[in-house]
Amino acid sequence: MIFSIFWLNYILSKKGLTTLRRNKQKEKIKKTPFKERFKEGGREFLDQTRKNSYVLRAMVKKNFKAQYRGSFLGILWTVLNPLLNMLVLSFVFSNIFGRGIDYYPVYVLCGTIIFNILRQITTQSLTCLVGNSGILKKTKVAYSVLPMSNTFTAIVNFFFSFISLIFVMLIVKQPFHWTILMTVVILPAIVMFSLGIGYFLASLYTFFRDIKHFYSVGLTLWQYLTPIFYTATTIGGGIAMKVINLNPMTVYVTAFRDIIQQGVIPSGINFLIMYGWAFGMLLFGYLVFKLNRKKYILYI
Amino acid sequence: MTKSKPHNKENLIEIENVSLKYHQPSEKLGSLKEFFVRLVKGKLRYKEFWVLKDINLQVKKGESLALIGLNGSGKTTLLKTIAGILEPTKGQIRIGGSIAPLINLGAGFDMESSAKENVFLNGAILGYSKKQMKAKYDSIVEFAELKDSMNIPIKNFSSGMLARLGFAIAVDVEPDILLVDEILSVGDVPFRQKCMTKIEELLAKGTTMIFVSHSMGQVKSLCKKTLWIKDNEMYRYGDSNEVVEEYLEFCKELEQKIKK
């Protein structure tokens, strides 16, 4: 995934294009052998990717440290936070929505940690260009690395949350299924989907600072329209029901629950929907992000 | 991202007809509502101004060039364009080497992290791996003379200490091209002297430098050639001594005008 983004980045960047064009001109003048041209292009691309990956790694580390800096429990919070949230939600809602849902705490936790991926990536990406203006204004860093670094932070967080999920499953004696391994297949789709939105929002936020407030309300709405602590069937119809069914997060959350709780692998169509949204959103977000690339520096 | 190579092999930097236009809204639009209101009214006008006009410049390998001029004339903008932070609206820049921009020391420092972590973070931003930075770490600490404070969060550093750290990192990575922007005016006198010595050392090794300064003494001693940028355009380009003389006279005239 990362590789493909860097590749896309390179192709889209004007320099990549001019390199290609320049190479074409060269061909007319000197007729450089194709192999060498290919090598040169490849080397440049690899060099760039390598440098970007250093920044990426450093940024992820920084993000992660910043998250729990100064707290006593530190990294333990990544496990505790989803657990406590789950406790609150299942305490409040178990009598309202919880009836008829088996292993309600696991049900809630599955929903929360999947939605948290989206929340983390998008809210962090939203402010990442403006927040890192110090770096962007004074050094040359590929802009696309910043939202990407948030995805890695979110993935690391997800794995810690996953540990807490396993704890809860043990406590409520939810049987384990081998399909739990399928998480690895579903996770990239959710991350790509979120990153796409993250790119889009990061781009928008540099021009309109209102987006931050809009989005925090929007995100709350989105959360309630995703079956996190209720099942889609409890809503029972109407417009809300239609929205819930169209909501891509519903698909992700349901698929995750299927593999964790039911031991069912999502159908081919569901995979198609999941990855369709993922690629579509990533492409859209990334294009918007790239096309405005030159303007950011003037606004941050 | 990657730059095309100079056409002439002797040159390390080639700047051809570079102009840069700032495309700023005449009033800063802070909100979406305002944007749409203006869009509908057809009042979405931008104020355009050229911050760089038709710059042509060639810097040979190992050459050091000074940029002088009044505040706001476009010196830093030119440096940023060379560093690739800003992209020229017109024209082309061709560069044949690695660049270390010392435009604002400690750009990208994370105030909450310790100095040690920041060395690696800054190194990554400059394009060096953790392994490479580890090899350089000791000499960076030694140069910055901050051995005892490397584990302290840098929010507790004084501005002088920050400048030391930033300079030590940027200089220690030994780039082909050094872009220096008025940074030698920070730090105490001994450290400033140390920086000057280090820069002279790098120049002797064949590093190319573009140097922005308001200290004419430094300009004369470090750079053979000087470019005077006036009103965003190239005004004089040539031997440092001559250009600096002329510039000083120009400044004197301005001073007298103010006194009157």
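**Entry 1, conventions.** I worked from a predicted model, in which local features need pLDDT of at least 70 and side-chain atom pairs count only at pLDDT 80 or more, while totals for chains, interfaces and linings use all residues. Residues are numbered from 1 along each chain as its sequence is written, and chains are lettered from A and ligands numbered from 1 in the order in which they are written.

I looked up the secondary structure of chain A and found 14 helices and zero strands, where helices (H or I, at least four residues) and strands (E, at least two) are DSSP runs numbered from the N terminus. I then checked burial, counting a residue as buried if 20 or more other C-beta atoms lie within 10 Å of its own, exposed if 12 or fewer, and partly exposed in between, with C-beta atoms placed from the backbone. On that count, buried residues make up 37% of the 300 residues in chain A. For contacts (C-beta atoms, placed from the backbone, within 7 Å), I noted that among those in chain A between residues at least 6 apart in sequence, 78% join residues at least 24 apart.

The 28 residues should span 40 Å, and the end C-alpha atoms are 39 Å apart, which agrees. I also found a kink of about 30° centred on A:Ser125, the bend at a residue being the angle between axes fitted to the seven residues ending there and the seven starting there. Of the 28 residues of H5(A), 20 are buried, so this helix is largely enclosed by the rest of the structure.

Two packed helices are described by the angle between their axes and the distance between the axes. Here axes are lines fitted to C-alpha atoms, for helices over the stretch in contact, and angles run from 0 to 180 degrees between N-to-C directions. I class angles under 35 degrees as roughly parallel, over 145 as roughly antiparallel, 65 to 115 as roughly perpendicular and the rest as oblique.

The axes of H5(A) and H8(A), residues 183–207, come within 7 Å and cross at roughly 30°, and that makes H5(A) roughly parallel to H8(A). The crossing of H5(A) and H8(A) is right-handed, a term I use if the near helix is turned clockwise from the far one by less than a right angle, with left-handed for anticlockwise. H5(A) and H7(A), residues 145–171, pack at an angle of about 165° with their axes 9 Å apart, and that makes H5(A) roughly antiparallel to H7(A). The crossing of H5(A) and H7(A) is again right-handed, and the H5(A) residues that meet H7(A) include A:Pro105, A:Leu109 and A:Ser125.

I next looked at H12(A), residues 248–262, and H13(A), residues 268–291, whose axes come within 10 Å and cross at roughly 130°. These two helices are therefore oblique to each other, and H12(A) passes H13(A) in a left-handed crossing. On the H12(A) side the contacts are made by A:Pro248, A:Val251, A:Tyr252 and A:Ala255, and these meet A:Asn270, A:Ile273, A:Met274 and A:Trp277 in H13(A).

I looked up A:Tyr103, found in the loop between H4 (76–93) and H5 of chain A, where phi is near 45°, a positive value in a residue other than glycine. With 18 C-beta neighbours inside 10 Å, A:Tyr103 counts as partly exposed. In chain B, B:Glu145 is found in the loop between H4 (130–144) and H5 (159–172), and its phi is near 55°, also positive in a residue other than glycine. B:Glu145 is partly exposed, with 15 other C-beta atoms within 10 Å.

A:Phe208 is placed in the loop between H8 and H9 (211–224) of chain A, and it counts as partly exposed with 18 C-beta neighbours inside 10 Å. From A:Phe208 to A:Leu187 I noted 21 residues in sequence and 31 Å in space, C-alpha to C-alpha. A:Leu76 is found in helix H4 of chain A and counts as exposed, with 12 C-beta neighbours inside 10 Å; A:Leu76 and A:Ile186 are 110 residues apart in sequence and 25 Å apart in space, C-alpha to C-alpha. In chain B, B:Glu87 lies in the loop between helix H2 (75–83) and strand S4 (90–95) and counts as partly exposed, with 14 C-beta neighbours inside 10 Å. The C-alpha atoms of B:Glu87 and B:Phe120, 33 residues apart along the chain, are separated by 27 Å.

Methods
The expected span of a helix is 1.5 Å times one less than its number of residues. Two residues are in contact if their C-beta atoms, placed from the backbone, lie within 7 Å.
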